[in-house]
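Dear colleague,

I am handing over a structure for your study. Please look through the sequence and the model before reading the notes that follow.

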Amino acid sequence: MRSLPNILIAGTPGVGKTTTCNEILSLASQSTPPLNLKRLSINDIVKERSCHTGYDEELQTLIVDEDKLMDEVEKDISDGNGEGGWIIDWHSTAGFAVRWVDLVVVLRCDETNTLYDRLSSRGYKEEKVQENMDAEIFGVVTEEAKEAWDEEGQVVELKSVEAEDIEDNAERIIQWVQNWIKDQGQKDHGE
Ligand code: ADP
């Protein structure tokens with residue numbers, strides 16, 4: 001049984017996953033009492049534990065070995081008796097076991113010009129920018145998440161367009177964690 005929830009922060013590249021995760025961890029450490037949330041950056045695991053089979057020049061991205069990646073993710077999630085508290089970020093929810101994750105937050109940037117600027121400023125080629133823009137416009141990540149996590153309220157979309165959205169979203173997620181802890185406490189006492 002987890003003592004803290006695991007949360008997957010998903011969304012198209014450039015929607016603000018990294019920035020939001022940093023803000024969540026910062027607010028968690030300032031909470032009273034502090035919440036022991038930990039970051040699980042899937043990007044870092046892919047690179048540091050060689051969960052890739054090559055590089056796609058066209059799409060300027062590593063070709064991910066999903067089986068190996070998910071084995072590594074499971075190892076980390078099961079660590080410490082599976083006590084939870086992982087804030088995981090990845091551009092997709094594919095491959096994640098539903099039981100690993102208590103809440104999926106899909107960040108959305110529906111201001112296409114804003115997303116375009118964020119992606120272009122990373123030096124992405126036009127083709128890669130367009131592919132990501134299309135994925136965002138069609139809500140691909142949310143659709144994929146909702147197919148897997150079918151319980152009401154397990155998948156939430158949050159707008160990430162303006163700078164203040166980052167703090168608002170992080171605050172909402174911290175509040176959700178606090179409520180989760182309270183609910184677990186009530187369940188444990190048979191209420
Ligand atoms: P991701 O991890 O989803 O690829 P990042 O967190 O790296 O996205 O954000 C990409 C860029 O966009 C960063 O420069 C970040 O500061 C900016 N950004 C992301 N979300 C917002 C937002 N809601 N408001 C303003 N800037 C944002």
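**The ligand and its surroundings**

Helix H1 gives the most to the shell around the ligand, with three residues. Please bear in mind throughout that this is a predicted model.

Two helices, H1 (17–30) and H7 (163–188), each supply at least two residues of this shell. There are 15 residues around the ligand, and those that come nearest are Gly14, Lys17, Thr18, Thr19 and Arg122. Sorted by class, the shell holds six polar, five nonpolar and four charged residues.

Which atoms of the protein lie beside the oxygen and nitrogen atoms of the ligand? For an oxygen atom of the ligand, a polar side-chain atom of threonine 18 lies at 2.6 Å. For a nitrogen atom of the ligand, a backbone N or O atom of valine 161 lies at 3.1 Å. Arginine 118 takes part through its side chain, where an N or O atom is 3.4 Å from a nitrogen atom of the ligand. Taken alone, the ligand exposes 560 Å², and the protein buries 73% of that.

**What the record says**

In UniProt, an unreviewed entry carries the annotation "binding site" for Gly14, Gly16, Lys17, Thr18, Thr19 and Arg122. From this set, Gly14, Gly16, Lys17, Thr18, Thr19 and Arg122 are found in the lining of the largest pocket.

Glycine 16 has its place in the loop between strand S1 (7–10) and helix H1. Is glycine 16 buried or exposed? Glycine 16 counts as buried because its relative accessibility is 14%, and buried means under 20%.

Aspartate 89 is found in strand S5, which covers residues 86–90. Its relative accessible area is 5%, so aspartate 89 is buried. The side chain of aspartate 89 also makes a polar contact, at 2.7 Å, with the side chain of arginine 39.

Aspartate 168, by contrast, lies in helix H7.

With kind regards

Technical notes:
Residues numbered from 1 in each chain as written. Predicted model: local features only at pLDDT ≥ 70, side-chain atom pairs only at ≥ 80, totals over all residues. Heavy atoms only, no water. Near = heavy atom within 4 Å. Polar contact = N/O pair within 3.5 Å; in protein donor to acceptor, adjacent residues only side chain to side chain. Areas by Shrake-Rupley, 256 points an atom, 1.4 Å probe, with all protein chains shown as cover. Helix = DSSP H or I, 4+ residues; strand = E, 2+ residues; numbered from the N terminus. Nonpolar A, V, L, I, M, F, W, Y, C, P; charged D, E, K, R; others polar. UniProt positions renumbered as here; feature names shortened; annotations may be inferred. 1 Å grid on protein atoms, 1.4 Å probe; cavity = no way out; pocket = protein on both sides within 12 Å on 5 of 7 lines; lining within 4 Å. Buried < 20%, exposed > 50% of the residue type's maximum accessible area, 1.4 Å probe, protein only.
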